[in-house]
Structures are given as C-alpha cells and as structure tokens.
Amino acid sequence: METKTKNYKYVYNRPESLVDKQTHYCPGCGHGIVHKLLAEILDEFGVRERAIVVAPVGCSVLIYDYMNIDGCESAHGRAPAVATGLKRVNPDSIVISYQGDGDLLAIGTAETIHAANRGENFTTIFINNAIYGMTGGQMAPTTMVGQITATTPYGRDPMDVGFPIRGCELINSLERPVFIERCSIHDFKNTLKTKKAIKKGIKNQIEGKGYSFIEILSTCPTNWGMKPQAAADWVKDAMVPYYPLGNFRDRQE
Amino acid sequence: MREEIIIAGFGGQGVIMAGKLLCIAAMNEGKFVSHIPSYGAEMRGGTANCSVVISDVEIGSPTVPKPSIAIIMNTPSLTKFESKIKPGGLLIYNSSLIDRKPERTDITVVDLKANDISEAEGSDRAANMAAIGKLIALKPEIASMDAVVTALDVAISARNRKYNDINIKVLKAANSSK
Amino acid sequence: MGKQILMKGNEALGEAAIIAGCRFYFGYPITPQNEIPAYMSRRLPEVGGTFLQAESEIAAVNMVFGASAAGARVMTSTSSPGMSLKQEGLSYLAGAKLPCVVVNIMRGGPGLGNIAGAQGDYFQATRGGGNGDYRHIVLTPASVQEMAELTVLAFDLADEYRITVLILGDGYLGQISEALTLPEPTGKVFEKPWALTGAKGREPNKIASLKLVPDHVLEEMNLSLERTYNEISSRECRSESYLTEDAEYLLVAYGTSSRICRAAVNELREEGVKAGLFRLITAWPFPAAALKRASLKAKKILTVEMSLGQMIEDVRLSVDNPERVDFYGRSGGMLPETEEIKRRIKAYGN
C-alpha cells in the first residue's frame with residue numbers, strides 16, 4: 001500500500017485507525033461513513049493507541065473488525081456500562097460507545113441515562129436510523145409515526161406504542177453531560193458538521209471534561225425499502241423535521 | 001460449655017453491640033463464638049435482637065430458636081421471647097423498663113434494674129453494659145470481667161470510646177449488684 | 001498466625017477481596033448482602049480503588065465486564081433475585097473469557113421470597129443460568145473464615161483460568177460475625193496480554209463472544225472452553241471429608257447446612273453412631289471422586305440442604321448404589337435442625 005514515489009506526497013489516505021477491509025454494511029448504509037469519520041478523528045488527535053470502541057448488539061456490532069484499535073463487544077444495551085468499567089480502570093484510554101437506536105433508547109435506556117447522568121468521561125455515538133437493522137427491520141424506539149416496519153405492518157401507531165423518542169432532548173434534561181448535539185449524514189455539508197461534532201466529543205474526553213453525546217441521523221436503505229439516494233432524502237424530509245438538528249449543549253468550563 | 005443467648009430490646013438500647021462485646025471477650029479467651037443480628041424487614045418497627053452462641057466446640061447453627069439465656073431489655077421483647085427459653089434456662093430482664101413480672105417458673109428469672117444502674121453511674125445509655133455485667137456475674141464461664149473490659153476498646157466505635165470509663169463503671173456495678 | 005478479630009461474613013469477604021488486590025467493585029443494593037457494597041464503598045477509596053453503585057444488577061455485571069476487559073481485578077455481589085438479573089452478564093463473560101468474582105449471598109425464593117439465608121440457587125449456580133454452553137467455578141464457604149479465604153482463592157482461580165468464580169454463600173453466612181484471622185495475599189501475578197489497554201506497539205485486542213463466520217468457529221471456541229473446564233474439573237475439586245473413613249451414615253452438605261451437619265455428626269459420634277460429613281467446598285467442579293470415596297462404607301447417605309433438593313442430584317450421580325441417598329431439607333429461609341438430622345440417622349439403624 002505504501003508505494004512512495006519521489007516528489008509526490010500523500011494528500012489523502014486511508015486513516016490508520018481504519019482497517020483495510022470491506023465491510024458487511026449494505027450500499028447506502030450510514031455506518032461506513034461514521035466509522036470513517038471516527039477513524040479520521042482518532043488519527044487527527046493521535047489517540048489511536050489509546051482508543052477502545054465498545055460495540056453492542058446491532059448492525060455495527062462488528063465495528064471492532066473495521067477499526068484498527070482495541071475493541072470490546074457488549075450485550076445489547078449494555079455498552080455504557082461496559083464503557084464505564086473500561087474507562088474507570090484506565091482513565092487515560094479513549095472510550096467510544098457506538099450505539100444504535102434500539103440499544104440506546106430501548107433495551108439500554110437505563111444504562112445510557114445513568115452513564116450520562118454520572119458524567120462518565122467517554123463519548124457516545126448514537127446512530128439513529130429509525131429501525132432495527134440487524135434483526136431485519138423491526139420497529140425501533142425512534143421509528144417515525146406511520147412508518148411501516150416488520151413489526152408495525154400498519155404503520156407505527158403512537159396511541160398504541162408511543163411516539164418516537166428524542167434522544168438528545170432526553171439527555172439534555174441531565175446536569176452532567178458536557179456536549180449534546182444532533183447531526184445527520186444525509187448530505188456532504190451535514191456529514192462535515194457531524195465530523196465536527198464527533199471531534200468535539202473526543203476532544204472533550206481527551207481533556208477530561210466528561211460525557212459527550214452525538215446523535216447521528218442515519219440511513220437504512222435495505223430495511224426502509226429504498227435506494228440510497230431516496231433514503232438520504234427521507235432522512236432530510238421525514239426525520240429532520242421531527243428530530244431537529246443542532247447543538248443542545250456545549251459546556252466549555 | 002455451650003450457651004445460646006438472645007439479647008433483645010428496642011433500637012438504640014445497644015443490644016447488637018452488647019452481643020458483639022460478649023463475643024469479642026469470649027473469643028479472646030479461646031471460645032468459639034457466633035453473633036447474628038435480626039436484620040432487614042424484621043428490624044423495622046423499633047425492636048432489635050441478636051443471637052449469640054458461645055461454645056467450647058465449633059458452632060453449627062448460628063440461630064437460637066430456644067435460648068439457654070435471654071437478656072430482655074423491654075416489654076415487647078419479653079412477650080416475644082419468654083416462652084422460647086429452654087427449661088432450666090436463665091432470663092435476665094430489665095425491670096427498669098419492663099412493668100410486668102415474667103410468668104415462667106421452670107427457669108431462673110433475674111430482675112435487673114439496668115437503666116437505674118446505668119443512670120446511677122452517670123449515663124442514661126449504658127443499660128446494655130449493666131446487662132452484660134450481670135450476665136458474667138451469673139455465668140462467669142462465658143467471659144471474665146477483664147476480657148469484657150478489654151473488648152470494649154474493639155467493640156465500641158472510636159466516636160463513642162470516650163464513654164468507656166462510664167461503661168466500665170456500669171459493667172462493674174451490675175456485676176456486683178444483688 | 002495473625003490476630004483473631006470478630007468480623008461479619010459480608011465484611012470479611014469485602015476485606016479479603018481487597019487483600020486479593022481487587023480495586024474495582026460495582027453493585028446494586030439487595031439484602032442480605034448490603035454490608036458488602038457498604039464496606040467496599042468505604043474501603044476502596046482508602047486503597048486507591050473505585051466503588052460504583054450501579055443503576056441495576058445488569059449494569060453492575062456489565063461494568064464488571066468492562067473493568068475485567070481492561071485487565072482489572074473486579075468483583076460484584078448480590079443476593080438471589082439480583083443473581084437472576086446478572087445471568088446475562090455471566091454468559092457474556094464466559095463467552096469473552098473474562099475473569100471476575102461474583103458473590104451470591106442467597107436468600108429465600110422463588111420471586112422476592114424473603115431475606116433469610118437459603119440454598120435455593122444451587123441449580124442456577126452450577127448449571128449456568130445464562131444462555132449457552134458454559135461453566136463457572138462455584139465456591140461454597142461455610143464460615144466467616146472461609147468467606148475470606150475462598151475470596152482470596154477466587155481471584156487467583158479467576159485469573160488463572162480466565163473464568164468467572166462465583167462465591168455461593170447464604171444470608172446466615174453474610175450476617176454472622178465470627179472469629180476471623182485475615183488471610184495473607186498470595187502474591188500470584190497473572191499477565192493479561194489480552195486486556196484492552198490501547199493498541200500501542202501491538203495489534204489491536206478484541207474482546208468478543210460473537211462468532212458468526214465461518215460456521216465452525218463458535219464450536220471451536222466452545223471446545224476450547226471445554227478443555228479449560230475439563231482442566232478445572234481435574235485440578236480444582238475441593239471438599240472436606242470429616243470422620244468419613246468408617247462412616248456408616250454419611251451426611252452431605254455445603255455452606256450453612258454443613259455446619260449444622262457437623263454439629264449433628266459430633267453429637268452422634270458421642271452417642272456411638274458412626275456418622276460422618278462430606279462437605280463441598282467447590283459445587284462446580286463437583287468433587288464426585290472424593291464423595292465416592294467418602295461414601296464407600298455408608299449404609300445411608302443423607303443429603304441436607306436449605307432447599308427442597310438440588311445438590312442431591314449431583315450426589316446421586318457421584319456415588320455407587322444411589323438408592324442409599326436420602327434427603328432432608330428446609331426451604332424458604334428455614335434452617336435444618338440438628339435434632340431432626342440425628343433422629344433420621346438413628347431411624348436408619350432401626
């Protein structure tokens with residue numbers, strides 16, 4: 001890979017924190033994009049050798065196979081508890097809990113809220129794609145009203161199963177988190193904003209500031225039954241109006 | 001020698017502590033000892049008791065369903081434990097606070113004005129010491145006075161150790177009381 | 001020998017964990033083991049450790065998972081209903097080959113039950129309450145001294161075999177105060193090259209139990225776990241045989257019920273009855289060979305439990321002529337009685 005040619009220099013390369021390996025993600029899936037953003041940021045801060053990614057159940061459970069850093073699997077929903085254990089033992093490590101919507105807002109709600117409330121000094125990347133991907137397209141806590149999934153064949157009925165839960169707003173009710181932002185990767189401009197937000201979250205951790213929470217609206221073309229571009233458009237047109245983008249908290253002291 | 005002892009009263013009378021004091025003293029004189037408090041839901045409502053076993057041989061069950069000795073510091077505890085004492089056993093009851101006489105005739109009943117003795121020595125909180133002082137006067141094989149006095153340094157928390165002079169006075173006063 | 005102190009079982013266990021080098025504790029309150037988290041919350045900061053009260057038993061065992069993955073000596077403790085909640089974590093710990101110490105101070109069940117000591121979780125402890133093909137070592141202390149000594153042992157066994165070691169006590173052992181001589185640290189050191197400490201100067205480490213492709217990788221991992229389990233079975237069976245050599249009547253018990261049995265054996269011997277006691281110190285691996293030896297001369301084998309009969313299945317599987325095996329148990333927090341044990345043994349002779 002490293003074929004150095006005189007008089008040329010690399011202006012762009014695969015991040016060292018990313019493994020040269022084809023992922024199992026579907027075409028148009030957002031995970032690959034976010035993995036790469038995270039890898040770039042770890043490289044930019046020079047913390048690859050301190051980083052540990054915690055991967056709970058969900059499509060991204062195999063993230064540790066794609067990142068060139070230490071990786072820890074966790075049971076469904078328990079990533080914040082596992083991350084707490086890792087970080088408390090080695091406070092110098094850079095710990096990222098990479099959680100999906102079912103993980104973060106259904107089976108692991110308690111673990112997520114309490115880790116955030118303690119102000120654990122790790123960074124949560126929350127991938128919200130409004131559906132359960134790995135298990136085959138069932139309703140998520142963030143599935144949109146009316147959205148058809150494998151377990152809401154008539155569309156999500158909020159009078160039956162409640163309204164989609166807004167993660168950032170929930171975390172924003174707690175005192176200790178230092179950074180809360182909702183981003184999206186449905187277009188290039190927003191992807192750059194997403195990178196900025198993740199970077200802030202990792203920086204906060206390096207500086208020992210405490211818990212950062214970055215929610216990323218993402219795509220699941222396969223389970224939504226859409227082509228990649230249509231999926232990106234659906235994020236913009238259906239999700240963003242319900243899940244407003246922007247920063248909720250950026251505490252700097 | 002094997003004595004199975006219940007010490008019972010209301011919360012704050014120091015019955016759990018009295019049991020531990022006895023255990024430490026007996027342990028330091030080479031006895032096998034066990035102490036188990038009433039705990040959890042049973043504790044709520046103000047009554048407290050502990051089961052203490054002191055023995056020359058290893059202790060099997062730490063519970064005391066039928067005590068050979070009962071030290072009873074208040075009326076509800078007398079109601080609860082009087083009928084359970086082994087025939088031929090010993091009952092020391094705190095007649096400073098208990099307003100009725102025990103009914104059993106097949107056991108030795110000892111009337112001890114534990115609070116009065118404590119107050120006479122200058123404390124309203126050492127009735128438990130009076131009970132222990134009396135017990136080892138009646139059953140010197142359990143532990144010696146010296147061992148109990150020495151055990152005070154371990155059994156009493158640092159915060160309350162300043163009261164040990166009075167504790168010792170109460171122990172000895174009850175020990176020599178009639 | 002060190003100085004004797006009077007200490008409560010739960011606190012002795014906590015102090016022993018610290019002696020063994022445990023510096024991380026995660027737990028959730030439940031009676032009758034509350035003295036363990038209270039003790040750890042006071043002592044761990046004094047020795048530079050971390051105590052954290054988790055939001056649930058499930059979170060606690062997963063914090064243990066994380067801390068163990070990071071290479072630390074770590075412990076959690078609970079009582080029966082909380083142990084049910086921890087089963088998910090125990091299965092994942094087994095799959096990820098992470099060492100840790102878990103304490104179950106058993107109480108009466110099923111359901112909320114009561115808070116008195118009981119032995120109703122034997123099946124859960126020895127058969128594995130979580131999903132999948134796995135085992136963990138189960139130590140069964142019977143005194144405050146053993147609560148401490150077996151805790152020190154538990155941390156070494158956990159690290160040596162990369163396995164969960166469960167200390168299976170009961171509410172009586174947790175609450176009882178007895179004479180204790182604090183154990184010494186063993187000084188054993190275990191390298192943990194697999195720990196997640198950051199991929200500095202080495203390939204990244206991965207802690208995971210997911211084995212999807214190719215088809216046979218999970219079986220291979222399970223076979224490798226089995227080899228470890230077999231090694232443990234051959235090396236780590238522990239038990240005590242008390243007056244069993246000429247015993248015509250053999251009592252089999254563990255924990256608090258074994259204390260009551262020992263008292264019964266002593267009294268029966270004074271009356272000329274040849275009784276003996278076989279006491280488990282490990283419930284898994286089950287000391288089958290030692291039990292078989294201890295039962296050679298026994299006309300009758302009385303299994304005594306604070307349950308309606310769980311360990312008895314292992315006893316029957318271990319001895320020749322299992323029709324000799326009889327049962328006496330009390331349940332729901334009640335204790336077996338010495339007198340009743342003696343009555344039954346004497347009845348066999350008639």
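**Exercise 1.** How many Å separate the centres of domain 1 and domain 2 of chain C, taken over C-alpha atoms?

*Solution.* The model is predicted: local features need pLDDT of at least 70, side-chain atom pairs count only at pLDDT 80 or more, and totals for chains, interfaces and linings use all residues. Residues are numbered from 1 along each chain as its sequence is written, while chains are lettered from A and ligands numbered from 1 in the order in which they are written.

Step 1. Find the bounds, which come from an automatic or database domain assignment: domain 1 of chain C is 4-191 + 222-235, and domain 2 is 240-349.

Step 2. Take the centres over C-alpha atoms; they are 26 Å apart.

Step 3. Look at the contact (C-beta atoms, placed from the backbone, within 7 Å). Domain 1 of chain C gives 27 residues to the contact and domain 2 of chain C gives 21.

Step 4. On the domain 1 side, H5(C) gives the most, with four residues.

**Exercise 2.** Describe the side of chain A that touches chain C.

*Solution.* Step 1. Count: 28 residues of chain A are in contact with 32 residues of chain C.

Step 2. Assign elements, where helices (H or I, at least four residues) and strands (E, at least two) are DSSP runs numbered from the N terminus. Strands S1 (51-56) and S2 (70-74) and helices H3 (79-89) and H5 (109-118) of chain A each supply at least two residues. H3(A) gives the most, with eight residues.

Step 3. Sort by class. Ala, Val, Leu, Ile, Met, Phe, Trp, Tyr, Cys and Pro count as nonpolar, Asp, Glu, Lys and Arg as charged, and the others, Gly among them, as polar. This side of chain A has 13 nonpolar, eight polar and seven charged residues.

Step 4. Check strand pairing, which needs at least two DSSP bridges. S2(A) is joined to S9(C), residues 206-207, by two bridges, and the strands run parallel. A:Cys72 stands opposite C:Ile207.

**Exercise 3.** Which residues of H2(C) are buried?

*Solution.* Step 1. Locate H2(C): residues 35-46 of chain C, twelve in number. Its span from first to last C-alpha is 17 Å, close to the expected 16 Å; the expected span is 1.5 Å times one less than the number of residues.

Step 2. Apply the cut-offs: buried means 20 or more other C-beta atoms within 10 Å of the residue's own, exposed 12 or fewer, and partly exposed in between, with C-beta atoms placed from the backbone. The buried residues are C:Glu35, C:Ile36, C:Pro37, C:Tyr39, C:Met40 and C:Leu44.

Step 3. Name the cover, which includes helix H1 (9-19) and strand S5 (100-106) of chain C.

Methods. Contact = placed C-beta atoms within 7 Å.
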